[in-house]
Amino acid sequence: MRKLALSDEILLSVEKPARYIGGEVNSQIKNPKDVDVRFCMCFPDVYEIGMSHLGIQILYDILNRREDTYCERVYSPWVDLDKIMREKNIPLFALESQDPVKEFDFLGITLQYEMCYTNVLQILDLSQIPIYAKDRGEDDPIVVGGGPCVYNPEPIADFFDFFYIGEGETSYNEIIDTYKKCKKEGKSRREILEMIAQIEGMYVPAFYDVEYKEDNTIKSIVKNNPNVPDKVKRQVEMNLSEAYYPTRPIVPFIKATQDRVVLEIQRGCIRGCRFCQAGMIYRPTRERDLEYLKKCAKEMLSSTGHEEISLSSLSSSDYSYLKELIYYLIEEFSTDGVNISLPSLRIDEFSIDVMGKVQDIRKSSLTFAPEAGSQRLRDVINKGLTQEDILEGASKAFNSGWNRVKLYFMMGLPTETEGDIEGIAILSDMIARKYYEIPKEERNGKVSIVASTSFFVPKPFTPFQWSRMDTRDEYLDKQKILRNKINEQLNRKSIKYNWHEADLSELEGALARGDRQISKVIYDAYQAGCLYDSWSEFFLFDKWLNAFENNGIDYRFYTCRERDENEIFPWDFIDIGVTKRFLYREYKRAMDEKVTLNCKQSCSGCGATIFGGGVCFDKEGRQKEVSYEG
Amino acid sequence: MKVRIKFQKYGAMKFIGHLDVMRYFQKAFRRAGYESEYSKGYNPHQIMSFAAPLGLGITSDGEYLDAELVRAEDPVIMIKKLNDVMTEGFHITGFKVLKDREENQKAVSAMSLMDVADYLVSLKDGYDINSSIKDQESFKKVFDKFLEQDSIDIVKKTKKNETNVNIKPMIKVVAYDKKEFQEKLATVVKETPIKAVNYESVAEAFDNGILVYLQVSSSSAENLKPELVMEAFYDYLQLEFNKFAWQIHRLEIYTRDEETKRLIPLDENER
């Protein structure tokens, strides 16, 4: 029988002890003595969130396919256990073997959102691994970061030995092989990192120096080791259909956020919305093969026993075989009681048909993400959705029986005016009016419209990386304008307005475009008790503000500052394929309110063709012609 | 068809709550290739119920789960197929198809059939009771004295008030080793229990050797948890009860045969 790291007494004193015991269906059991390399994969948030993440399941599968490697998992202990572990000095342990993380060769941490940074420090601290990479010794695990936040790793660069920039499928095998070889040759930690830094896509922060100008902007980013590259190239898996896919994903005992089979149908997005980081860092769009997905769906449902399957991708409606795939899933599995959970789809005849088939019309709602309230601002952000699309789609769905609509908007977008904000209220009202065009006797009760706004946070590697972000007060004023405008509408009683917290977004903004100076702030905020910042009940904004102040850093330098065209960004040493020149051209086009066509309509020369595949090439393998370039 | 599954729950799985065990079995049926029947109505869900949900931290040799499957095969095949999809800590030991409602006029749910249950309560290593109880022998002496009281009163708290309840009549059988317990059981069960138990117990054994076998009431009319017995024992010793000190392990759940008034394990009765 497996021995647990925590005593019965501790496990029975904390909430949901199942978070800490491992042993789930499809988790891997190996004898640590039989392997050469032990890898601990971490999602720095609570178990139920971390277990819902597809990326870790993919990497877990890739690494465990190797006989010489044992990949295990660890998640952030919840606050109750966190306290006990500190009091009793219990080292953080991996779920499978229950062995201390500090005994592993690697600790891999996925960075999905900036607000997890204090949890990263918690993981290191509880593992009894020195928080700063420079303080680690030969026996400490090599700490590697991955995930979307590595497109600006600088705020947390001091805490990591290296970052894996790009998609995990391509290079983990090479990293493990290199590590094994180095170990056999008795190489030191520094020598190993030097070897790893020579694998494409790997960034070892210690080998790069950053110099600042007097105004605190960056003067230069220069390598201090002759053996490492000047620029780190993003890794891209071009063959998604033959790439690893975990057909035996782990099934948690407790209900995870995603309690279902998740099928990734494509990677990347053709749309080019100018606020969207995912739309840039996952280029080019690559689709998975239909037959391959059918096979995966079947295998995954039978290996997990899940009662639900959902499709995962950006802009799912753009997947070429969506119709075939969804009809296949319905025909093949819905009679077995498997629920098909639809991604958000463009509203048309097809989506209305499938929504009618797999959802209860009375309970489900239509979702639109216009993101901005006016056509002018939608052109600025290059959101292709028009008012006509929304009204027509809503009208069709209303006629088929739906009466609930969810609308998602962002506030604080570049160039936003009062008129654009008021447009959110006007558009919501227009949708409600559409509903009441239906004759009374054919209506399905009252219409319900929920409009939500989030605070726009400019992200690295987007055309808006040069933009100024609103302050909290500006945002709150805008909320007020919108609330007032909604109250003026004819159908105000049918419109519900939800909004996100502004404080959290301001901090996210500072961390997203921060530089290495910020690492001290993160460290101090963590030491002051900040943890689980993405959980509003634990978010301590005052402590963060203190940490900035004590380090003499004005966080608004990172948020509320329009950047100059030639400013060197902290993340400029990363080459994502999409060029800075393209992003700047898009920024200028945004200011001119000019729309850029999507990748299927026309190639706008972003630079992603360098990867040699995906949407950039036609079926015959010919590169699409670039229709305009800046 | 309605089926009753008997299983063991042990090791780390004692930390999985009963609602999650239900979710676990829902998925396990699917993995094994058997579909459940779904309830009709607004929120269809698989039809499933436990004889007696097991508290967190308790292990068991005798858990009963009633479910409704679209189809089933021979019990031997079912047990094998289900065990093939189990994880460590769950082991299926019995499977039977229950009679249809039409043939069986009386209430058939496992929960409603329950009458008594057997438990093994062991002191975990690293814990003491008091300085005078050093081993099983000294424990037996004190525990016997505790049981010899005219009445064993505990305070039962409900939402509205507190009442004193004498739990002594609810403690049916007490023994201090397996052999003694089996001999005593033989006088109350319809058939010898050894015949039914063709699997090894998963109860954890502790070096200190202090343990007690208890058979207690477990019906809807009269229900006693073994924790309460131990709490009353600490009261008797004028000690504060330490709930973490004892590993409770359920051995079996019985129904009472109407004719002979003797006990039958839940999966062996005819209904």
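I began with an open sheet in chain A that has 4 strands in the order β15-β16-β17-β18, paired in parallel. Strands here are DSSP E runs of at least two residues, helices are H or I runs of at least four, and both are numbered from the N terminus. I take two strands as paired if DSSP finds at least two bridges between them. This is a predicted model, in which local features need pLDDT of at least 70 and side-chain atom pairs count only at pLDDT 80 or more, while totals for chains, interfaces and linings use all residues. Residues are numbered from 1 along each chain as its sequence is written, chains are lettered from A and ligands numbered from 1 in the order in which they are written, and side-chain values use heavy atoms, with hydrogens and water left out.

**Entry 1**

Which strands stand at the edges? I found β15 (366-371) and β18 (495-499) of chain A there, each with a single partner strand, so one side of each has no neighbour in the sheet. Neighbouring strands are turned by 20° against each other on average, with direction ignored. For angles, axes are lines fitted to C-alpha atoms (for helices over the stretch in contact), and values run from 0 to 180 degrees between N-to-C directions.

Next I looked at one pair: β15(A) runs parallel to β16 (residues 404-411) of chain A, over 4 bridges. A:Glu371 has A:Phe409 in β16(A) as its bridge partner. Helix α13 (residues 387-399) of chain A lies across β15 and β16 of chain A, at about 170° to β15(A).

**Entry 1: the 3-strand sheet**

I then went to another open sheet of chain A, with 3 strands in the order β10-β13-β14 and parallel pairing. Its edge strands are β10 (261-264) and β14 (339-341) of chain A, each pairing on one side only. From one strand to the next the twist averages 25°. Strand β13 (residues 308-312) of chain A is joined to β14(A) by 3 bridges, and A:Ile309 has A:Ile340 in β14(A) as its bridge partner. Helix α10 (residues 322-333) of chain A packs on this sheet, touching β13 and β14 of chain A, and its direction makes about 175° with that of β13(A). Contact means heavy atoms within 4.5 Å.

**Entry 2: a hairpin**

For an antiparallel case I picked β7 (residues 208-212) and β8 (residues 218-223) of chain A, which pair over 5 bridges. A:Glu211 stands opposite A:Ser220 in β8(A). The two strands form a hairpin with 5 residues between them, and A:Asn216 in the turn has a positive phi of about 75°.

How do α14 and α15 of chain A cross? The axes of α14 (residues 418-436) and α15 (residues 472-488) of chain A come within 8 Å and cross at roughly 40°. That makes α14(A) oblique to α15(A). My angle classes: under 35 degrees is roughly parallel, over 145 roughly antiparallel, 65 to 115 roughly perpendicular, and the rest oblique. The crossing is right-handed; that is, the near helix is turned clockwise from the far one by less than a right angle, with anticlockwise being left-handed. Among the residues that meet are A:Ile421 and A:Ile424 in α14(A) and A:Ile481 and A:Leu482 in α15(A). By class I get 7 nonpolar, no polar and 4 charged residues in this contact. Nonpolar covers Ala, Val, Leu, Ile, Met, Phe, Trp, Tyr, Cys and Pro; charged covers Asp, Glu, Lys and Arg; the others, Gly among them, are polar.

I also checked α5 (residues 117-126) against α17 (residues 518-527) of chain A: their axes come within 9 Å and cross at roughly 70°. α5(A) and α17(A) are therefore roughly perpendicular. This crossing is right-handed. The contact includes A:Tyr117 and A:Leu121 of α5(A), and A:Tyr523 and A:Tyr526 of α17(A). The class count is 5 nonpolar, 2 polar and 1 charged.

I noted a cis peptide bond from A:Arg283 to A:Pro284, with omega near -5°. A:Pro284 lies in the loop between α8 (278-281) and β12 (286-287) of chain A. A:Phe461 has phi near 60°, a positive value in a residue other than glycine, and sits in the loop between β17 (448-455) and α15 of chain A.

**Entry 3: domains**

Domain bounds come from an automatic or database assignment. For chain B that gives domain 1 (2-106) and domain 2 (116-265), with C-alpha centres 26 Å apart. I see 19 residues of domain 1 of chain B in contact with 16 residues of domain 2 of chain B.
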